[in-house]
Amino acid sequence: MNHPPVVEWTEDDHVRTARWRSENGARPPRRIALADDRTRADEAYRLACEGTALLWRGDFHNARQLLTALARRVDRRPRKAPPADVTQAFHLHRAAQNQRARVLGMLLVPLDAELAVPLHRAPDVREACARAFGAPQEVTGLPAGAAADTAVLVSLRELLGVIGANEWRRKGVEVPALGGDRIHPHYGVFSPARGEYVDLVAEAPLPGRELAFDIGTGTGVLASVLARRGVRRVVATDQDPRALACARENTARLGVADQVEVVEADLFPAGRAPLVVCNPPWVPAKPTSPVEHAVYDPGNRMLHGFLGGLADHLTPGGEGWLILSDLAEHLGLRAHAELLDAFAEGGLTVLDRLDIAPRHPRAQDAADPLHVARAAEVTSLWRLGAAD
């Protein structure tokens with residue numbers, strides 16, 4: 001059993017310890033200094049850049065203001081003009097994002113034995129933390145009823161993400177393809193905020209209504225759309241426990257749980273189906289947080305796994321629907337010919353292709369360092385069949 005790492009620091013002339021928690025995979029800080037309402041932003045920024053984490057002991061709202069001040073200092077650092085090579089621009093952009101996250105992740109806040117933040121004017125984050133991290137006893141390693149004002153340390157930036165994700169889960173995301181009904185994403189499960197790919201699945205002609213597989217279901221949104229379209233049975237797969245729980249909850253909310261079976265599997269379930277749908281990660285790059293696994297897929301592992309096994313899971317005359325953006329092609333990370341070769345190697349033929357342009361704001365943001373690629377992006381639903 002892997003135990004969470006423990007960090008230590010000196011406070012009031014005593015060495016203190018707490019568990020380290022980072023869903024983003026950040027390493028435990030080697031050095032921790034105390035900070036409070038008297039800490040100046042310039043000094044905090046200097047320490048963070050040097051690799052010293054700051055454990056906040058002041059007012060919670062002031063900690064948020066300090067985080068904003070640190071972000072301003074990171075963002076105002078002199079930046080070179082983006083290189084003409086869009087692939088290099090992408091890698092530099094990702095490196096800058098990672099550096100920004102590292103510096104801002106150095107501002108820490110404590111969680112007590114009940115996963116509350118024991119700071120003045122702190123919001124009640126217990127529900128959000130339990131949903132993201134697990135039960136307090138599992139996270140802290142302390143028995144129920146134990147008292148500890150600093151059982152766990154988390155970065156304030158990550159905690160704010162947990163709070164925001166919990167609000168998304170409460171309110172849900174409206175999905176036009178579901179008649180305006182909402183999908184409620186769990187923490188770490190990719191939200192269907194970019195609805196164009198869902199629209200493609202809602203509009204493509206169905207090869208049949210008996211059975212469909214939804215590979216890598218995530219929130220269950222595509223499985224729910226298929227069920228609402230009249231597919232009598234949908235088997236939705238995923239290997240992430242959060243996604244499995246999320247899909248089950250959403251299909252129940254939408255009244256399609258009797259049609260959708262959510263199962264744990266790496267890609268395909270057993271058997272064959274007339275329709276197999278997959279919306280894999282679109283960009284072959286390394287993810288740096290749980291939710292990024294839905295966007296970044298090193299080496300196109302899921303894409304090639306789906307295409308390599310699709311023909312063996314289609315009934316005669318069946319279709320595989322691959323929903324994929326060509327953003328990686330515009331970034332120089334995947335050649336169009338590579339995708340076509342993968343079709344051929346998987347024994348697949350292209351029956352049709354439905355395209356849709358992105359609607360997200362960054363596609364029109366000329367200041368975005370990747371604007372050229374984003375402006376040219378097209379999301380496609382490839383209708384694939386087994387080659388004769």
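Two strands are taken to pair here if DSSP finds at least two bridges between them, and the tour of this predicted model begins with such a pair.

Select S3 together with strand S4, residues 52-56: the two pair in the parallel sense over five bridges, and Arg-31 has Thr-52 in S4 as its bridge partner.

Now widen the selection to the whole sheet, which is open, has six strands in the order S1-S2-S6-S5-S4-S3, and shows mixed pairing. Strand S1 (6-11) and strand S3 (31-35) stand at its edges, and because each has a single partner strand, one side of each is left without a neighbour in the sheet. On average, and with direction ignored, neighbouring strands of this sheet are turned by 40 degrees against each other.

Next, pick Ser-155, which belongs to strand S6, residues 152-155. Is this residue buried or exposed? Ser-155 has a relative accessibility of 7% and therefore counts as buried, the cut-off being under 20%. Apart from neighbours within four places in sequence, Ser-155 is in contact with Gly-105, Leu-107 and Leu-108.

Finally, select helix H4, residues 126-133, and helix H6, residues 156-171, which pack at an angle of about 90 degrees with their axes 9 Å apart, so that H4 is roughly perpendicular to H6. Among the residues that meet across this contact are Cys-129 and Phe-133 in H4, and Leu-159 and Ile-163 in H6; by class, the contact of H4 with H6 has seven nonpolar, one polar and four charged residues.

Definitions and conventions: Residues are numbered from 1 along each chain as its sequence is written. This is a predicted model: local features need pLDDT of at least 70, side-chain atom pairs count only at pLDDT 80 or more; totals for chains, interfaces and linings use all residues. Side-chain values use heavy atoms; hydrogens and water are left out. Helices (H or I, at least four residues) and strands (E, at least two) are DSSP runs, numbered from the N terminus. Buried means under 20% relative accessible area, exposed over 50%, partly exposed in between (1.4 Å probe, protein chains only). Contact means heavy atoms within 4.5 Å. Axes are lines fitted to C-alpha atoms, for helices over the stretch in contact, and angles run from 0 to 180 degrees between N-to-C directions. Angles under 35 degrees count as roughly parallel, over 145 as roughly antiparallel, 65 to 115 as roughly perpendicular and the rest as oblique. Ala, Val, Leu, Ile, Met, Phe, Trp, Tyr, Cys and Pro count as nonpolar, Asp, Glu, Lys and Arg as charged, and the others, Gly among them, as polar.
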